[in-house]
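Biologist: I'm new to reading protein interfaces. Could you walk me through one, step by step?

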Amino acid sequence: MLTYTIISGLLFGLFCSLMGIGLNLIFGVMRFVNLAHGDFLMLGAFGAYFAYTFWGLSPALALVVEIIVMIAIGALIYYAFVPRLLRSRDPEMLSLIFFFGISQIIQAIAVIAFSNNPRSIVWSALGSANYQVLGQGFQESWVVSALISAIVIALVYVYLYHTKIGYATRAVMGSQEEAASSGINVHRVSAIAMGIGLALASAAGTLSPFLLGSITPNMGSDITTTSFSIIIIGSLGNPLGTVLGGLIYGLSSMFMQSYVPSWANLVPYLLLFLILLFKPSGLLGKVVRHA
Amino acid sequence: MRKHLLYGAIVFVVVILLFTLLPSVYSNEDLFFQAMVYLALAQGVNILYGFTGYLPFGYVGFFGTGAYATALSITLLHIPPIPAILIGGLASVVLGILLSPLLRLSGAYFAIGSLAASQMVYYIVSNPALQNLTNGPYGINLESVYQPRASYITMIVIVALVMGVVIYIRNSRFGLALQAIREDPVSAGMAGIHVVRQRAMAWFLSAMIAGVVGGAFAWHISVFYPTTVFDLNISIFAIVFTLFGGVTTVLGPVLGMFVLYGFYNVIGISEPQYFQLIYGVLILVLVLFLPSGMVSLMKRRGHYVP
Amino acid sequence: MKSTPYRVLSRIAVSGVIASAMTLSGVAAASAASKAPAAPKQIVIGTLYASSGSFAQSSLPQYAGLKFWVNQMNQSGGAYVKAFHKKIPLKLVAYNDQSSSTTAATLYNQLITQNKVNILVSDFGSVLTSVAVPIAQEHKMLLIDPTGTGDSFFSKTNPYIALTSLPTSGVWPTTLANYLIDKHYKRIAVIYDQNDFDQSQATTLTNKLKTAHITPVYNNSVPTSTSNYPVLVHAIMSSNPDAVIELGYPTNDIPFLQSVSASGAKFNMLFTIFPGQLLSSMEQNVGVTSLAGTYTYPTPPLLVYNNVNFGLGMNAFATAFSKANNSAPNFLDVAGYNAGLVIQKALANTNGLSQLQLRQSLYTFSGKMFTLDGLFKLSPTGAQIGETLPVAQLVKSGNGLKVNVVTP
């Protein structure tokens, strides 16, 4: 039971990391709280569902296509709306309402387009084998999902630390003003970050039918809240801290489910709360507050 | 200064008159009751966010706590509704004291931290382990004290008090001190403002407002489940109305609530099919074209906004 | 109502009005009508539905069922109202509460105060019905409650509610518990969600088992938002149960059944609630093979009653409904239609359109009316006690599933 719980927690945790990382990237670069994060994830999930049901495409393939499409959509959203948003007194907070509006629109359109009935992809679509790890059987869909999550996260790492635009992105995360004064095109970097952020959300979406049960147009709000906990536990504004946050979140929720299921929902928030109080910048964060 | 107070008083009188008279023109009292709930909550958000810069994403936690504390005082302790509502307010202040370390956080950290706190309260209240105390997931039934007219009048009184408090803050040294802290806590401290105490005052005040409003709501709606009073949308509505109208003013949240909640109901009652879509687009358009809220229209023309 | 001389006279007057309206000029009718209550031009039925949010999947079909009934009535010239001895057209007013109970409260009030509905029908389920209970009582409106099965809604002090389908949720597991005891299952696992609907069932179930000296080997609640079950299923498996009972909403049943199937676990008996209510949706999400062999509470249309004495029978309803809506009905469509049938019968037996007259009318046929949804019988508090929920096993039949009722 213990080993089963730990391994499930790690597998689920990797997926959770992927779920939060896009939200954190956008926050890190733009200081925007993307309240529609879960709704973009939901779109990704429906994309995978339709690709699988109508064309028999594997969710892994849908994931690749969606990443490309979503980068374009994200950049588009950025250029269409964000420069205007930045002119207000407190863009960070105004972005909340902005994304709340986007979230309403996405949900409304999704209900019209997909109806309210829950949908699922057969759990065996990512493989039906049962892997034996340390004498315990794990369903292949979890293992494959975790693996895909790890690959995508690794790609984010490569992007941030081994590409030129990635350096620029990290510079913008550090300080927009300094980055701008050293000749970085902040708008371009931010637009790409927005695109990648949404793409990562939809990538997690393609895997969600295997980890989060059936998909519905209104699944987004809860996922946004969960993603918040994950990125805060890791560290807000530090995309790679999210990996740690995701693993802790995954492990703690699986432990609760195994041993004290009736309080399973409380722990992630308790964890988040304690971390906020004792290490406000997250487990991997630097000190941010001065007064 | 006296003129400013007068403007505030005019807004106050208009609001209270409207809520007193409207039910006799249009008999859907519940509509106006909900409007008052959102107005009072929006003003509570205004006190905290507008004057101190802390955005309480989990504001509904105080609302739900107030609702439950009131309901349980009535069902378990047999206290009459109005004192029970005061207990609801007190319970929220106690929660505020417990959560006051959150004030060490800033910006989005605080917003999300308060969200986590409200979810925690919700999961504790609704957990079957506390069924003997809170009735767990079975919710609350206050039918024995249900008196919609009395709870409506109580709510008018609460709105009046809340509006009064906001007008006071807007025109007092306390409000100025809070704004100074918001802009630059370090220099405010050096200028002799007791930063921590003033900020905590605003926080408790705002918690108490949500608690009392939650209590009146519980009395008015009388049969509800934990999900009803800990619905995250309540926070989001209050915040959106406040920001939309314009913060740090008395008038802003009033305008925001009347326009957006008005739209919400007009669309909802006439064109239910694309309801959510229209509402989303409306919010988007307003954010993009009126980013500092509706009151900025008046400010831009050089008018004073109470 | 007692047949006082005044009533007899007024009834004669009413029939006189109708007769004269048919033969004489309208002016004569108007002057005569002022003496007795005039028949309304239409009967307004008000309800709410949720087009989005967590209850949409169940709320929309319930609304579709009610709408189907209204259209059917109006095609035949309206519903017959005994008090006026004639058919009166129906008008359905419906608002969208988007699964929010606060919005629902405002809209119920809107229906009562602004639309002045004659009959108020609540939205799907306990959460959206809860806020209507005190509002209806305050305005002295009879709340026709199709599926809000919360126990606390029904009390001796409130005559303004009537549950038309399904018993209150605490009663649901009665036959299930008896079946488990009869089958001598000793190792029983119960996992349920933290909400009124599921927890009240779990409480009844474990209490009944206790009287047979059975203590579940696994008995835990999980938050209603739980959507992944592999670890829970693993924990249940390690308690080594014969029978596993999962009490949840569709969004819980689906991932639970998926996880059981993916884990390869085999239990002698596996029970979930919603395959019996939303079979086609469950088939799509869980798969026919995974569902085959599991147990559920079967409901119409899976359960077909042959002794229907009011309204369409199941097959006729399914055909007509499919034709009108381009989709086969599920249980909630039946529940919505059944609420309509109850209204229809109430109008056909009522002595007037006042709310207490309507309620009284319900009791004139309580225990006697048999619809496609089963026996309609109200307890004195307005709760439904006629319909019972049997236990059935799902078995493969062709490409789909059918139910095999095992008890009673």
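Below, we talk through two interfaces and then one residue.

Modeller: Happy to. Keep in mind that this is a predicted model.

Biologist: Where do I start if I want to know how big an interface is?

Modeller: The size of an interface is often given as the accessible area lost when the parts come together. Here, chain B and chain A bury about 4300 Å² between them. In chain B, the residues losing the most area to chain A are B:Tyr109, B:Gln276 and B:Leu288, which together make up 16% of what that side buries.

Biologist: How many residues of chain B are in contact with chain A?

Modeller: There are 47 in chain B, and they meet 43 residues of chain A.

Biologist: And what sort of surface is it?

Modeller: Carbon and sulfur atoms give 77% of the area buried between chain B and chain A. On the side of chain B that touches chain A you'll find 35 nonpolar, nine polar and three charged residues. For that side, the largest share, 12 residues, comes from α5(B).

Biologist: What about links across it, like salt bridges?

Modeller: Between chain B and chain A, the rule finds zero salt bridges. It does pick up three residue pairs in polar contact there, both at pLDDT 80 or more.

Biologist: Okay, now chain B and chain C. How much area is buried there?

Modeller: About 2900 Å², with 49% of it from carbon and sulfur atoms. B:Tyr138, B:Glu143 and B:Tyr225 supply 21% of the area that chain B buries against chain C, more than any other three residues. The contact involves 34 residues of chain B and 37 of chain C.

Biologist: Last one: is A:Asn24 buried or exposed?

Modeller: For this, check the relative accessible area against a cut-off: under 20% counts as buried. A:Asn24 has a value of 0%, so it is buried. This residue lies in helix α1 (residues 2-30) of chain A.

Key
Residues are numbered from 1 along each chain as its sequence is written. Chains are lettered from A and ligands numbered from 1 in the order in which they are written. This is a predicted model: local features need pLDDT of at least 70, side-chain atom pairs count only at pLDDT 80 or more; totals for chains, interfaces and linings use all residues. Side-chain values use heavy atoms; hydrogens and water are left out. Contact means heavy atoms within 4.5 Å. Buried area is the accessible area (1.4 Å probe) that two parts lose on being put together, summed over both. A salt bridge is a side-chain nitrogen of Lys or Arg within 4 Å of a carboxyl oxygen of Asp or Glu. A polar contact is a pair of N or O atoms within 3.5 Å; within protein, one must be able to donate a hydrogen and the other to accept it, and residues adjacent in sequence count only if both atoms are side-chain atoms. Helices (H or I, at least four residues) and strands (E, at least two) are DSSP runs, numbered from the N terminus. Ala, Val, Leu, Ile, Met, Phe, Trp, Tyr, Cys and Pro count as nonpolar, Asp, Glu, Lys and Arg as charged, and the others, Gly among them, as polar. Buried means under 20% relative accessible area, exposed over 50%, partly exposed in between (1.4 Å probe, protein chains only).
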